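Welcome! Here is a short tour for anyone meeting this protein for the first time. Take a look at the sequence and the model, and then read on.

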Amino acid sequence: MLNLPSEYRTTTLKDGTVSLDTRAFPHEALGEQTVVIRPDYIGICRADTKEIYGSRDVPEDRGPLFGHELVGTVSSAGAATGFREGETVTFNPNITPTRTTGFAEYIFVHGTAEQLEQAVVRVPEAGIRSNIWMPEPFSCIVHALKKLLELADLDSLRGKRVAVIGAGCAGLMFAMYARHLGADMTVFNRNEDRRSFAREQGILAETEIYALADVEEFRDGFDVVIIAPTIVSTDILKTSAAIAADGGILFVYGGTRAGDTFPPSKADIDTIRRQELSESVTHLGKQLDISGAYGCYREDYEEGFRLRAEYPEAFPLQKLTSRLISLEDFPELVTDIAAGKKDLPGKVLIEMPSAKRYISKA
Ligand SMILES: NC(=O)c1ccc[n+]([C@@H]2O[C@H](COP(=O)([O-])OP(=O)(O)OC[C@H]3O[C@@H](n4cnc5c(N)ncnc54)[C@H](OP(=O)(O)O)[C@@H]3O)[C@@H](O)[C@H]2O)c1
C-alpha cells in the first residue's frame, strides 16, 4: 500500500456547515471491495454548493454529490476491485452511494467489481496534472449531447443554430462540443464576468457570446436551445422558448426540482431531465420538443478522453480552470459561494500537495 497514514483530513457537511476535520485512517475497514483514492485535484461544482443549503434534490440511488469531481491516484485497492495501486483515476458519482466525500485527503469507494469499474475510471491522459481539467463535468456534457442527438434523431449538429443559456462551466463545454459537432454557436449569459472570462480565455469569440438581456434580437432564431444555468426557472424557460424556432428543441440541463413544469402545469421538466425523455408542447404558437439529460456513464468518460486527445484545440478544457486553492481554504470559500457572497467564473480546484510531485516529474 502506498504509505497510508495513521490519520487523514476530510470535510463534513452537516446542517449547512462545512468543516475540515482530522480522522483516524480506517485501515481495518479496507476490505476486498474497497478502492482508496488520494485526490491530487478536486473540483468545486455548482451542485456541491447547492447541497450546502439543501437546494438540490438528492437522488437516493447515488447519494449526495458533495465532493465528486477529482483526479487522483489509487492508494489502496482490495483484491476484488480490479484496480492497482498507483493508477491515475477519476470518479463517476452516478453509480454508487457507498463512498465518502471527495473533499478530503482520501476517498473510500466500496462496491462490487462491476460497480467499481463504472465508478472509478482510469485516466489515459498522462500529463493531465500539468494541464488540469475535470473529466466528470465534461463527461456529463458528452453524455448530454449524445442524448440530445439520439432523442432528436440527428447524426450531428451540422448547420444547426444552437443557443446555450448560461456561460458557466457547463455552458462553455456545451459550446465547445456543439461547435465541434458542426453547430453555429451563440451563448447568452446574464452577468458580464463570465462573458469576459469566456472571451479572455479564448473559449468563445466576440460573435459567440451575448448578454442574456439581448435575447430579444434573437427571437425565433435557434433550432436548439440548451438551458444550462444554475436553476432552470420559469423565466429562463420562457426566454428559451422565445428564441427557439418553430419545431425547435429546448434541452434542459441546469438545475430542476421535483414538480417543475413548462409551459406551467404542462411538461414535467424535472422528470424529462432526470429520465432523459422528450415531449412535444405548444407554446407561443410554436411546436417545441422539450428534452433533457442527467449524469453520465463510463463510456462518456472514455469518449471525453478520446475527444480531448484527438482534438486538443477543439477542447481546451484546462482553460476552464480559473483558480487553485488549498484544502484549508475550501470550507470558507465554498460556504461563501453557496451564500452568494462570492461567485468565481470558471472552475475552482483544490490543489493537494501531492499534485506538485507529479507536475515536477512531467
Ligand atoms: N444535467 C446534468 O447532468 C448536470 C450535470 C452537471 C451539472 N448540472 C447543472 O448545471 C448547472 C450549471 O452548472 P455549471 O457548472 O455551469 O455552473 P456555474 O459554472 O456555476 O455557472 C452557473 C451559470 O448559471 C447562471 N445563472 C445563475 N443564476 C442565474 C439567473 N438567476 N439567471 C440567469 N443565469 C443565471 C450563471 O450566470 P451569471 O454569470 O450571470 O451568474 C452561470 O452562467 C448546475 O445547476 C448544475 O447542477 C447538470
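Two residues are in contact when they have heavy atoms within 4.5 Å of each other. With that in mind, look at the contacts between residues at least 6 apart in sequence: 69% of them join residues at least 24 apart. Please keep in mind that this is a predicted model.

**The overall picture**

The protein contains 10 helices and 18 strands. How does its radius of gyration fit that of a compact globule? For 362 residues, such a globule would have a radius near 21 Å, and the protein, with 20 Å, agrees with this. The C-alpha trace spans about 65 × 40 × 40 Å along the principal axes.

Of the 362 residues, 55% are buried. The accessible surface amounts to about 15,300 Å², and carbon and sulfur atoms account for 47% of this area.

**Aromatic rings**

The structure holds 18 aromatic pairs. A pair of rings is described by the distance of the centres and the angle of the planes. Two of the pairs are set out here.

| Pair | Centre to centre | Angle between planes | Arrangement |
|---|---|---|---|
| Tyr8 and Tyr106 | 6.2 Å | 75 degrees | edge-to-face |
| Phe138 and Phe315 | 5.4 Å | 55 degrees | tilted |

Why does the pair of Tyr8 and Tyr106 count as edge-to-face? Its planes stand at 75 degrees, and an angle over 60 degrees puts a pair in that class. Tyr8 belongs to strand β1 (residues 7-14), while Tyr106 sits in the loop between β5 (88-91) and β6 (107-110), so this pair ties together parts that are 98 residues apart in sequence. Are these two residues buried or exposed? Tyr8 has a relative accessibility of 6% and therefore counts as buried. Tyr106 is buried too, with a relative accessible area of 9%.

The tilted pair is formed by Phe138 and Phe315. Phe138 is part of helix α3 (residues 135-152) and Phe315 lies in the loop between α8 (298-310) and β17 (321-325), so the pair joins parts that are 177 residues apart in sequence. Both Phe138 and Phe315 are buried.

Which residues do ring pairs link into a cluster with Phe138 and Phe315? The cluster also takes in Trp133, Tyr177 and Phe305.

How values were computed:
Residues numbered from 1 in each chain as written. Predicted model: local features only at pLDDT ≥ 70, side-chain atom pairs only at ≥ 80, totals over all residues. Heavy atoms only, no water. Helix = DSSP H or I, 4+ residues; strand = E, 2+ residues; numbered from the N terminus. Rg over C-alpha atoms; globule rule 2.2 N^0.38 Å. Buried < 20%, exposed > 50% of the residue type's maximum accessible area, 1.4 Å probe, protein only. Areas by Shrake-Rupley, 256 points an atom, 1.4 Å probe, with all protein chains shown as cover. Phe/Tyr/Trp six-rings, centres within 6.5 Å; stacked < 30°, edge-to-face > 60°.
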